[in-house]
Each structure stands twice: as C-alpha cells, then as structure tokens.
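Open the model in your viewer and follow the selections below in order.

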Amino acid sequence: MRKAFRQLDEILRGDATQLSSLEQGQIELPLKGLLMVMVLLGVIYGLCIGSFNLLHPLEEDAVITTRDAWMQTFASAVKLPLLFCLTLLITFPSLYVFNALVGSRLRLLSVLKLLVASIAVMLAVVASLGPIVVFFSLCTSSYPFMQLLNVTVSGVAGFLGLAFLLRTLHRLVLIQENKLMGEAAAAVPPPPPAPPIPTPVAPPGVVPPEGANVPFSPDIEQAKKLSALDRYGYTHQKAKYVVRIWTIVFGLVGAQMSWVLRPFIGTPNLPFEWFRERESNFFLAVLNALQALFSID
Amino acid sequence: MLLTWADDILRAKMLVLDGGSTRQRLATLAAVLCVFGMTYGGVMGCYAGIFGGKLLQIVYSAVKVPMLLMITFGLSLPFFYVVNSLYGLRDDFGKVLRALLATQAGVTVILAALSPLTIVWYLSCENYRAAILFNALMFATASISAQLVLKRFYRPLIETNPMHLRLLRLWITIYGFVGIQMGWTLRPFIGSPNSPTQFFRDEAWGNAYLQLYRIITGLFG
C-alpha cells in the first residue's frame with residue numbers, strides 16, 4: 001500500500017512522466033497498486049459528498065430519514081470509484097484508437113497506464129478538496145449550493161487531470177518525433193533525449209508555444225534542417241488537435257456518467273435510491289441548480 | 001521575547017523560517033498565533049462581555065480567533081499540497097508551509113495591534129450591527145496587510161520559480177473562500193447583548209454566501 005502511495009506521489013510530482021522515463025515510449029506504473037489507491041481516494045471523496053444529509057440539520061419538510069442518509073453515504077462511497085472506473089473504460093478505446101491513428105507509437109498498455117495516471121491525478125485532487133466539501137456540508141443546508149460546489153470541485157480535478165494527460169502525450173509525441181528525426185539523420189546515432197529538467201505541468205488554460213517544454217539539443221536541430229521534415233510539424237499538430245477533441249469527449253462522458261450514476265449527494269426531498277430515473281441530463285441539471293440557488297427568497 | 005518574534009514575523013526575517021530546529025520554529029509561530037489571536041479575540045468579545053456582564057463570551061471569542069485561522073488553514077492545505085506537487089513545487093513545500101504559517105501568525109499580530117481601536121469603537125458606539133461591521137473591517141484590514149508579510153516571505157520562492165506566484169493567488173482564493181464561511185460558522189465572535197452566551201449559535205449553521213446573496217437581493221429587490 002505504501003509503495004502504491006509512493007507511486008501516486010511520483011505521478012503527482014511528475015517523476016513518472018519525466019522525459020527520461022518516457023524515452024522508451026512507455027510509462028512505468030504498476031497498475032494494480034495504483035488502482036487500489038485510486039479506489040481508496042474515490043471512497044474518501046464519495047464519503048465526503050454523500051455525508052451531506054448526515055451532517056447538515058434537516059429541514060422540516062425533508063423526506064429523507066437518518067437511515068436513508070447513512071445509506072446515501074455508503075452508496076456514494078461505492079459509486080464514486082465506480083464512476084471513475086466506468087469513465088475510464090468508456091473513454092479508453094477511443095483514446096487508444098485516435099492515438100494510434102495519429103501515428104503515436106504508444107502501445108495499448110501504455111495508453112491505459114497514461115489514462116489511469118490521469119484519473120489518479122483527478123482522484124487525488126478531488127480527495128484533497130474533500131475536507132472543504134465536508135465543511136460546507138456541515139454548514140449549509142442548500143442542496144443546489146452543494147451540487148454546484150461538487151461540480152466545481154470535479155471540474156477543477158478534471159481540468160488538472162486532463163492537463164496532465166495532454167502534457168504527457170505532448171512529451172511523448174515530441175520524443176518520438178525526435179527519435180524519427182534522429183533515425184532520419186542516419187549517420188548520427190539517436191541523440192540523447194533532452195535533459196530531464198523538472199518541467200512542471202503547464203498551467204491549465206495556458207498553451208505553451210510549440211515545443212516550449214522540451215529544449216532541443218543542437219544536433220536535433222541539425223537533423224531537422226538536413227532532412228526535409230515537413231511531416232514533423234504536420235503530424236505533431238494533428239495529434240494535438242485530435243487529443244484536444246478527445247479531452248472534450250472525456251469531459252462530456254465524465255459529466256454525463258456522473259448524472260447516470262446519481263444521486264451522489266442526495267436531495268433531502270426524495271427518499272434514498274441507488275439510482276434515479278433516467279431523465280434529463282447533466283447540463284440541464286446544473287442550469288436548474290444555478291436557477292434554484294439564485295431564486296432563494 | 002514574544003514581541004521580538006512578532007517583530008521578526010512582520011519584517012519577514014528569514015530567521016523565522018530557517019533559524020533553529022523545526023520544532024522550535026513551529027512552537028514560536030504557534031505561540032505568536034495563540035497569544036496575539038487570543039488578544040484580539042478577547043477584545044472582540046468585550047462588547048457584551050464586560051459591559052453586558054458576560055465574561056464567558058470573552059473566553060469563547062479568545063479561543064475562536066486562533067481556531068478560525070487554524071481550521072481554515074487545515075482545510076485548505078490538502079488541495080494546495082496536491083496542486084503544488086502537480087506543478088513541480090513539492091521540494092519547496094516545506095518553505096511554502098512555513099511562509100503560510102508565518103503569515104497566519106502575522107495576521108494575528110496585526111489584529112492585536114488593531115485591538116485598541118476596537119475598544120475605542122465599542123466605547124463610543126453602542127450599536128451591535130456597527131460593532132459587527134467594525135470588526136469585519138478590522139479583519140479585512142489585517143488580512144490585506146498580511147499580504148505584505150506573505151509577499152515578503154514568498155519573494156525568494158517566487159524568484160526561484162515564478163509558478164509560486166500563481167499558486168499563491170490560488171491559495172488566497174481558496175483560503176478566502178473557506179475562511180469567510182468559517183467566520184460565519186464560528187459565530188458569535190462579538191456576542192449580542194440580547195442573546196445568551198454560547199460557544200456556537202444554534203442558528204449559525206448557515207451558508208455565508210447564500211446569506212450574503214439574500215442581503216444583497218434584499219437591498220435591491
């Protein structure tokens with residue numbers, strides 16, 4: 001277990017995705033231990049969300065009973081890891097296929113590990129925001145406020161997790177292109193990869209200029225000039241584009257999965273159910289919550 | 001002794017962060033935080049305390065001010081830790097933590113320095129709402145002034161990596177978001193003369209932001 005936590009720590013610190021370790025075109029991660037830690041983090045956040053009805057004083061018109069509130073807490077703790085696992089399963093095939101289509105040499109297992117690592121980042125972020133969620137559960141009895149708070153928390157986590165995924169893919173593509181160019185330069189043996197500077201994950205929302213993360217060594221520059229390598233920029237650009245679109249898909253799927261698996265928080269006005277009727281969708285629900293929040297008297 | 005420490009914190013002497021053993025430094029900061037925080041808290045609770053004959057309120061308020069700062073700090077920390085790791089700043093986290101803690105202590109020192117003003121206010125104006133507003137103003141002053149302390153402690157960190165500045169802004173946002181709600185939850189700090197002395201108010205469990213929204217829409221609606 002401790003080893004698994006160290007693994008998670010290495011992912012967070014970026015040790016697992018340094019250029020030197022990505023050089024082989026794969027990511028070194030023991031999946032089994034990592035998955036256990038991820039489930040644990042998911043359970044923690046699930047407990048934080050689901051305890052809403054346990055912690056805040058119930059209003060008089062609340063339908064939910066104490067037993068229901070306990071059940072909801074338990075159900076959320078079970079469903080939250082499930083949500084991330086299902087999102088992983090649903091988005092993995094498309095990531096792999098697109099990844100292969102744009103010419104990446106990442107193998108199936110490596111793509112899986114990359115996705116798992118990104119989701120581990122998300123889970124670490126949500127779990128770390130758990131104390132704040134619990135605090136607000138204690139203080140507020142407004143259900144729409146909690147909904148929106150949790151949407152924000154998950155949104156922040158998703159953003160950071162996907163930024164991690166994008167950065168790592170970006171690095172992998174760069175390394176591969178470098179290698180290709182090295183081979184193209186033929187006479188020159190594959191140049192050493194760029195020194196493993198402790199590159200932080202680029203700030204979300206800020207797109208660094210092309211290749212800003214990776215300083216090219218001079219002989220790579222040379223290789224670039226020697227062979228007419230239009231393809232380099234071309235594939236690279238395309239790959240970036242495809243992966244960006246895929247992240248949007250990931251976000252949509254994650255959001256909608258959370259809607260399908262609801263309730264996580266549990267409105268005080270309905271008795272406990274494992275799953276609610278299949279109606280409406282995530283985005284309408286967020287709009288409704290916003291409306292409800294701002295129409296209080 | 002305590003005053004020297006307080007002075008060191010306000011001037012952001014690196015001694016506060018680097019001198020002595022870790023335990024010593026932490027103990028110093030904790031001592032400053034408790035003593036000065038409790039000073040302001042005690043003064044704050046005077047409103048109904050001495051003049052309304054409720055001495056207990058003074059004790060409660062004195063305990064609550066350090067509590068307010070430390071619990072908010074504790075709740076915001078895990079997320080900040082994870083984000084720092086993600087942006088590759090984990091190796092500096094020890095320094096970051098000390099800078100943040102020192103700033104907390106700085107807030108209490110500033111508050112304590114403002115406490116005579118609060119006393120004068122209490123003596124000159126009996127209105128309870130005005131007392132609340134005045135205290136809110138004092139807290140705001142202290143938090144804003146403490147930014148100076150924070151900037152000073154953070155400067156060497158920002159020089160090594162500009163990302164620290166961004167994350168500092170993130171920290172201030174999160175801390176503010178939690179802190180405002182915490183202040184609301186830990187009421188009463190001042191203690192209305194008309195209600196019984198309590199550690200927590202039964203009806204205090206509300207959402208500060210929704211209350212604020214209600215007050216604003218009430219003003220304009």
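Start by selecting R90(B) and D9(A): their side chains form a salt bridge, with 2.5 Å from N to O. The term covers a side-chain nitrogen of Lys or Arg within 4 Å of a carboxyl oxygen of Asp or Glu. Between chain B and chain A the count of such bridges is two. This is a predicted model, in which local features need pLDDT of at least 70 and side-chain atom pairs pLDDT 80 or more, while totals for chains, interfaces and linings use all residues. Residues are numbered from 1 along each chain as written, chains are lettered from A and ligands numbered from 1 in the order written, and side-chain values use heavy atoms, without hydrogens and water.

Next, select the whole interface. Here 28 residues of chain B are in contact (heavy atoms within 4.5 Å) with 30 residues of chain A. The two chains bury about 2600 Å² between them, 72% of it on carbon and sulfur atoms; this is accessible area (1.4 Å probe) lost on putting the parts together, summed over both.

Then select Y154(B), which touches F80(B), V96(B), A99(B), L100(B), H164(B) and L168(B), leaving aside residues up to four places away in sequence. Y154(B) and L115(A) have the most contacts inside the largest nonpolar core, a set of 132 residues. Such a core joins buried (under 20% relative accessible area, 1.4 Å probe, protein chains only) Ala, Val, Leu, Ile, Met, Phe, Trp, Tyr and Cys residues through side-chain atoms within 4.5 Å.

Key
Buried < 20%, exposed > 50% of the residue type's maximum accessible area, 1.4 Å probe, protein only.
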